[in-house]
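Morning, everyone. Please put the model up on the screen, and I'll talk you through one chain.

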Amino acid sequence: MLTRSIQEIRRNIHLYLLALPALIYLIVFAYVPMFGHLIAFKNFRPTEGLWGSEWVGFKHFYFFFLNDYWITVTWNTLYLNFLNIFFGTIFAIITAVFLNEIRFVLFKKISQSFIFLPFFLSWVVVAYMVFALLSTRDGLINNVLTQLGTDGVSWYASPQYWPAIITTIQVWKGVGAGAIIYLAAMSGISGEYYESARIDGANRLKQIWFITLPLLRPTVIMLTLLAVGGIFYGDFGLIYSIVGENALLFPTTDVIDTYVYRGLRSNFSSSAAIVLWQSCMGLICICTVNWMTRKLDKDSSLW
Amino acid sequence: MPYKSAFTTKRIAEDATISEKLFHLSMYVWVMLLSLICVIPFWLVVIGSFTAEGSLRSQGFSLFPQEISLNSYRFLLSGEQVFVSYKNTIIITVVGTFLSVLITSMMAYVMANRKIKYRGVLSFIVYFTMLFGPGLVGFYILVVNWLHLKDTLWAIILPGLFGPWNAFLMVSYFRTIPYEINEAATIDGASESYIFFRIYMPISKPVIATVGLFVSLRYWNEWFYAMLFVDKEELHPLQIMIRSLMSNIDVQRYVQGTDVNIVTNVPAMGVQLATVCVTIGPILLVYPYVQKYFVKGLTIGSIKG
């Protein structure tokens, strides 16, 4: 067994050398830091290092689960992701269907370019644009509201609006990319279906409803399941760059990832405990999702 | 390209009824509104950066400002920081993209090569990192305590250098290249690295361009690792410069350096807007030319998995 492995590596040594940089990289940057999960069971002190710190068992997990705040961050993570998956999918499908139906080529090309544009921005830039729109004193939206004679809203102090705001931002940034994926799926639909539907007297609405949408279903299911696999991971980039340290908004916007990040400043070990919990839940989620996709469609499962 | 045939599918609308006309109209309205919503924030920051500071202060952000001025740019470009940040962002993007494409494509080539018996093992090693991550804590300790990369540009370049998703994208592309090419080259006595760099790389230009553009966009927009690992102002990339300007920083000192002490009205808001514009400027400039590669990347990626 071992000699055969050595033989195989020797025979293709030049090929394995090509893979070596990536392998070393993965070991150093992906596998070695997994030992960091051990910190969850220790009282980590930077001076004593990972191995020197004292073992404390499940203490940090108790602390996390004793406090009700774990429910808040977990709920926010799941709820915000659910909203994004739901509205993101709907908007992407509607937009893709419409773009697909539009015959005016120049209009379609230009609008598709515009809709895809936010995809290229960093969350830092998006955060600035959101500030330009929502800032209480200077923001465009409040300026318009005051001109209309109503009072402006102090958005950054009103947590109740933020699930909607965050979802809007996510849809705004992602709808172009989503629409492109669905457009690609639609281009795979044979023209003959539409041909025969038209002969049977179906108008365009009916063609969309009875041909396009049903045939998009596998793609929708695949993409949704993939997204559900990551439902325990909050959109850190968006939330941290826009909400940041604004504690007024935490009740509706604080997700596991932002909570962990802030925890890093005070206590590595309790952060590590939450990260480990999140990683395990994430793994369970992905495995479940993969098992479900396998049942639905063997070829599109992840492994 | 498969996605193009969607555009050319011709279905002539016969005997359009009223409901169909309404549908037609709402279709155009929806797409037009969505396009507008996607572009307005861009207009807001671009026009804002050309607005006089006084106008910004009194009017707030506005789509049609009262007074146009180049002062924000004059102030921004008179200092060092924007050039330093530009330099850092360019270094990160160029070095990061080059190294990332290099090690990812080499690995993908091996994973796709039929000669290799353990390609399943290699794929699993890559795949597992997508399922179970090291988490932020372990990663932070690795970079800061073990590799001592804090306050270096490497701390921004190295994380995420190897993208599993990109690797699998390349694997599926390499698999479409006829294996006979590889065999013929081997018989002619070409070494493995010659086959890869001189034969496979040139015919794989489309996928390399696509992956390279995705990677360079990621590096251009990278801010998280910079925020985590870089404090020194001379190492700030543009994204962190924007963040710093938005925080309560002494704008004049940050933008123009400590020894400058001209008492002027510092256009604090205008400088933020101008920095945002010079950051997204290059993306907007190349956007018309590179858009198709991103479309292709998304399309292949989604069809694959």
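Start with the two domains of chain B. Their C-alpha centres, for domain 1 and domain 2, lie 36 Å apart. Domain 1 runs over 11-74 and domain 2 over 80-247; such bounds come from an automatic or database domain assignment.

Quick housekeeping. This is a predicted model, where local features need pLDDT of at least 70, side-chain atom pairs count only at pLDDT 80 or more, and totals for chains, interfaces and linings use all residues. Residues are numbered from 1 along each chain as its sequence is written, while chains are lettered from A and ligands numbered from 1 in the order in which they are written.

Now the fold. Chain B has 16 helices and 0 strands. Helices (H or I, at least four residues) and strands (E, at least two) are DSSP runs, numbered from the N terminus. The radius of gyration of chain B is 25 Å, well over the 19 Å from the globule rule for 305 residues, so chain B is more spread out than a compact globule. That radius is taken over C-alpha atoms, and the rule is 2.2 Å times the number of residues to the power 0.38. Along its principal axes, the C-alpha trace spans about 75 × 70 × 35 Å.

Next, the record. An unreviewed UniProt entry annotates "transmembrane region" in chain B, including residues 90-112 and 124-147. Positions use the numbering here, feature names are shortened, and annotations may be inferred rather than shown by experiment. Residues 90-112 of chain B are 100% helix, with end C-alpha atoms 32 Å apart. Residues 124-147 of chain B are 83% helix, and their ends are 26 Å apart.

Let's zoom in. Which helix holds B:Gly297? The answer is α16 of chain B, residues 268-304. Is B:Gly297 buried or exposed? B:Gly297 is buried, because 21 other C-beta atoms lie within 10 Å. The cut-offs: buried is 20 or more other C-beta atoms within 10 Å of a residue's own, exposed is 12 or fewer, partly exposed is in between, with C-beta atoms placed from the backbone.

What does B:Gly297 touch, leaving out residues up to four places away in sequence? B:Thr210 and B:Phe214. Contact means C-beta atoms, placed from the backbone, within 7 Å. Both partners are among the buried residues of α12(B). B:Leu217 is buried there too; its C-alpha is 13 Å from that of B:Gly297, 80 residues away along the chain.

Methods: Contact = placed C-beta atoms within 7 Å.
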